[in-house]
Amino acid sequence: MAKKKTLKQQDFQKKKLKVGKAKQGPSNLTDTSFVAKTILLPNQTKLSSAERSSGTRKSGQQELEQSVIKRLSLCKHHSAITRKETLVHFKQQVPKIAHSGCMTQIMHACYPMMCDDDRQVREALLEMIDEVGQYNCDVLRLNCRAFVLFLSSAMTHILSPVQRDCGKFLACGLKYFADELTRNSWIKLLRGMFGVLGWPLKAESPERNGNGNNGNRQPKKSVSMAISSASVVNMNSARAKHARAINIDALHLLIKCGCLELVMRDDPQPDEHSAAAHNKYLIPECPQPYEHLKIFAREIQDLDDINQSASSLQDLVSVSFQDASSRRKVVLHYFYDDIMSQVATLIADGGESGKSANSLKLLMDEVQVRESESEQQV
Amino acid sequence: MGADSIPVSKIANLLESTSGYEFQAVLQSLTDAQYVNQQLLKSELFILVNRVLKLLRSGDDYLLWKGCNVILVLCAYNPVILCAHADVFLKELYLKLEKKVEYYSSSVSSEQGRIVLTNLVHTVGYLIDLIRGKPAVTREVLTPKLSAIIPTFIKLSQYEPRLCLPFLKKLLYKNTNTFRPFVNKLYNVLVILLTKDYQSFDVATKRLICDTFAYTHLIKLNPQTKNSSSGHHSVRKDEQYRHGLLLVLSQIRPLITLCGELFDFSADFEMERLVASLPDYQGENFNSVGFFEALDVDMNKPFTLWRISERLDVLNNLIISFCSLATPFAIRVPIGGISKVIQALLNLSVDYLPLKRGLRRDAELLSVIENLSSKMQHEGVKLFQNLAPIYGRCLIPFYPELLGSLELIVPTRKGSTNVDFQRVKKIRPALKDVFELLSHILPAMGRFFDDGSLAPKLVDVALHFTKSMNLTLSLLSGIDQSDKKGGSNKKDKKSNKRLTGSMSDVFSHPEAFTIENSFEFYAFINEFLTTMIRHKSIPSNHHVKITRYAIQNATVLNEQLNYVPASFRDLLRALVLCPGSERCSILPMAVSLLKKTGDELYGVICNPRLPLGVVHSIAPAQLPEYAEDQSLEDNNASSTNESLSLEETTEVPATEQNGGPDATPATSHSQCEIIETHVETQEESIENELSKHRDKIFKRRSSDADIKTEEVSVKVAKVARDYDVLEEIVSEQIDNGAEDTIAERAVFVEQQTERREADGDSDSDFEIPEIVLEEDDGEDEE
């Protein structure tokens, strides 16, 4: 029998631990567990449309817009067929609603489908973007950042089919708003395309001894998921090769638009976007003309560069590439060697990829010529 | 003596007793032109002069002081007194001065004595200046006395260089011959000042000493021993002067060679070549015995290394004086040698020159060497900076090398070309001088020089400087490592507290420890950035950074001060006018920032308008062809095919029909919008349309064409449907400017006139109605 303990000693007694049972918690323990539940209401419309329906008269246009908005939630449907149908429906509606205000919402809802698993959904999205571009490419320009965001997430996606389709989206984007794309996200897109094509970048490795030439050390390669073990089996399939040719073409187009200052489309309309007609003191044609100045954005400032950045290319992410000259310089400095080495092997292989690779090689030579010309001019 | 002015005798009586306000009033009244009267000489003015002399001869300091001032005022404003009595005045003043100088230490023991001495010297100096231009007075008064005055001045300048040297300098320059016997003495005095006490003087005095030293070389001291072989060559006037300059210049080479003990010049072939080619005038006819003593530098005592840069500072100032002073004869300056010196100094950079192998690598020595090298580079920049304004154009052939060396002054991180901002802070004064230098030479350089990475680096540095310095940064960043110690005892904590004081402020209020930049500094940086933007094509990244800096700071300052400082206004203007590779200029932002004060430049860009007189001055005879050309040009612009069809050419008149009543010259944008709309073709003849709207077309054309031919060509571009010929011409028009646009238009007009005639439309319908400009102007302004 235990001795009877005084009150004071009882305070300091510890409970015995029992085998197989958890330790007893302190007496002031608060239980913070909770149960979460979700409710799906598939038949309810979006709340925002309720505001619009409060108007007395609805024109046909407004009805159309509302019906389109109602369908936006279908973009996240679990069934791929539903998603595809939604996209096709949107594409059909585009001619009528291309200039309306709901286009931004639609684009924001549709862009995530660039990373969609299903191939048909992606194809439908591509066609829809193409259609939108033909009727109103300003919407695309306005949402350029969202486009780049999802495109770059697609470029680094773990599923290789998603990666392979990037080139098509990039080409489509370049067709309609090459100016914005190249100005705002030059490095990002270039690196992304290199990742998609599976080409390693020497410049990715951190420079420790500071020599630009890393020939002596093994560079840390930027591994692209396109050559992950799961997809090694179908690396040489016809589809993969075709996709590779398309991606090389997309890279070719990207470099051409960025470095050679060409106009993309020949408009039947008066060419408002060409540099010739563009007067810098008139009201600007492009949306958000001062976005690149980042006046209201707070940038993370490294404290007097105490920490050196991981790679030299990482430094360049914060550099703005508004003029073609600096874009050319970056391409020639960081990417040229890698491109040339990869392209040589591809040309030797021949086929579709070989042809695209060859045109890319010629393009790079032209860029070099153009850069040396512009240097002489200056 | 008129009724207005105070009688002179009364003033004379007053002089001894007045003081303070009364004295000032008396002095003012003495400037009266009434007193310039030769008849007064014998009587009134004689009394006055005697009184003044009495003041001078008295022993009282205050009376002496009054006397000096009265003399100055009288002589300055009264030529009669000057010519008649300057002799006496000068003699008395000189006597007093001599006495004061002889007992120098007692004269300056009190503040009063010092002031009196200063006053005396000034008075003598100014009196000499006043006498100088007048030949008769000079001959009689000055020349005999100068030989007495000058030695006194020289003697005094030993103690009071700041006081005496300006006058000595002037005397050397203007009265060179009179000075000749005394120049050696002055030379010795200056040598002592240069070698012993130079660094204890302020900047102005240092400059004075060097200037006077340079001027002592105006006088030929030692006649050159002429060689029999070269005796027939005439001796140039600047021989002595040049001799002095070369002597100083050749002192620099040993200094840099001394630095070769610290740095390993053999590692850099260029540097070796440069050092070998530094000016060294050891040839014949040259006594290169310098007056500087040998430097005493000991590597075991690293701080003695600073004597090198101290010596270099003196030599630098001497060179600048020699090269920048006005001389009565032309001088031959060895620009090439000086440029080599600048380059050699700039190349002493720790980043690019390795240290010598055998050096002891301890922290003290290394840090002093780094410090020394940045000081030497600064000296190089100073030399460049002072010579560039004077010899700017002559230095242009050397610019590529000089600017290449200038790039080395920006410290870079080890192994890369990125700027090392921590070291940049240390050499802030040097970089400030670099900015000033570049602001000066950039406008003259043009686009021929491609100095690669100098411009972007300096822009980065400049923008870095604009951020306020936070002194506690290093403390804050190290905070993670220091507080990992375990808990300490109470005793330890107390002793720690005593040692460290109250450091909590550093961590809780780091913003209280920042050093803000002054306005002048901002103005400085802005001037540099403005010059950079105007005259260099900088990469877009830096352009964007500058734009952002300008807009943010201008906005902040506008809110705080209610106006935008002038330097920011200039920077904004430069950014608006030179938008670089941006798609659209920051004109709207600049206009809204400067709304209160307004800016004429933006006014002209936003609302282009004709000056009022121009419209009325067009001669009537010129009108018909002009109108015809314009109307044809309208048709040409609207032509869709090379083969004209009448229907299509009606588009433009139709659009202008829409745009005519509404369009004003200013709203080019609305014009463009109107033209974009698709217009149905019309069956009517063009002529009717044109004749209806002739006036309006002509009005608009005339105003547009004069001011903004660009706008017209923009309109042309927008009206033109995709046709290669037109597009090319349009793009050329935009690029080339007004003259070319008219030329192109004329060419096009000629082509089209042929076709128009082929159409068979007669010219009868093209009769231009009389244009009455006044009425139209009134309509136009509505």
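Select chain A. Of its contacts with a separation of 6 or more, 74% are between residues 24 or more positions apart; two residues are in contact if their C-beta atoms, placed from the backbone, lie within 7 Å. The model is predicted, and local features need pLDDT of at least 70, side-chain atom pairs count only at pLDDT 80 or more, while totals for chains, interfaces and linings use all residues. Residues are numbered from 1 along each chain as its sequence is written, and chains are lettered from A and ligands numbered from 1 in the order in which they are written.

Stay with chain A and show the secondary structure. There are 15 helices and zero strands in chain A; helices (H or I, at least four residues) and strands (E, at least two) are DSSP runs, numbered from the N terminus.

Next, colour the two domains of chain A. Domain 1 covers 62–142, and domain 2 covers 144–207 + 237–262 + 314–378; these bounds come from an automatic or database domain assignment. Taken over C-alpha atoms, the centres of domain 1 and domain 2 of chain A are 27 Å apart. Their contact takes 16 residues from domain 1 and 19 residues from domain 2. On the domain 1 side, α5 (103–110), α6 (119–135) and α7 (137–142) of chain A each give two or more residues, and α6(A) gives the most, with six residues. That side has nine nonpolar, two polar and five charged residues. Here Ala, Val, Leu, Ile, Met, Phe, Trp, Tyr, Cys and Pro count as nonpolar, Asp, Glu, Lys and Arg as charged, and the others, Gly among them, as polar.

Now select 166–184 and 238–259 of chain A, which are helices α10 and α12. Their axes (lines fitted to C-alpha atoms over the stretch in contact, with angles from 0 to 180 degrees between N-to-C directions) come within 8 Å and cross at roughly 5 degrees. Residues in the contact include A:Leu170 and A:Leu174 of α10(A), and A:Leu253 and A:Leu254 of α12(A).

Last, go to B:Ser540, in helix α28 (residues 540–561) of chain B. Is B:Ser540 buried or exposed? B:Ser540 is buried, because 23 other C-beta atoms lie within 10 Å. Leaving out residues up to four places away in sequence, B:Ser540 touches several residues, among them A:Phe321, A:Asp323 and B:Gly580.

Notes. A residue is buried if 20 or more other C-beta atoms lie within 10 Å of its own, exposed if 12 or fewer, and partly exposed in between; C-beta atoms are placed from the backbone.
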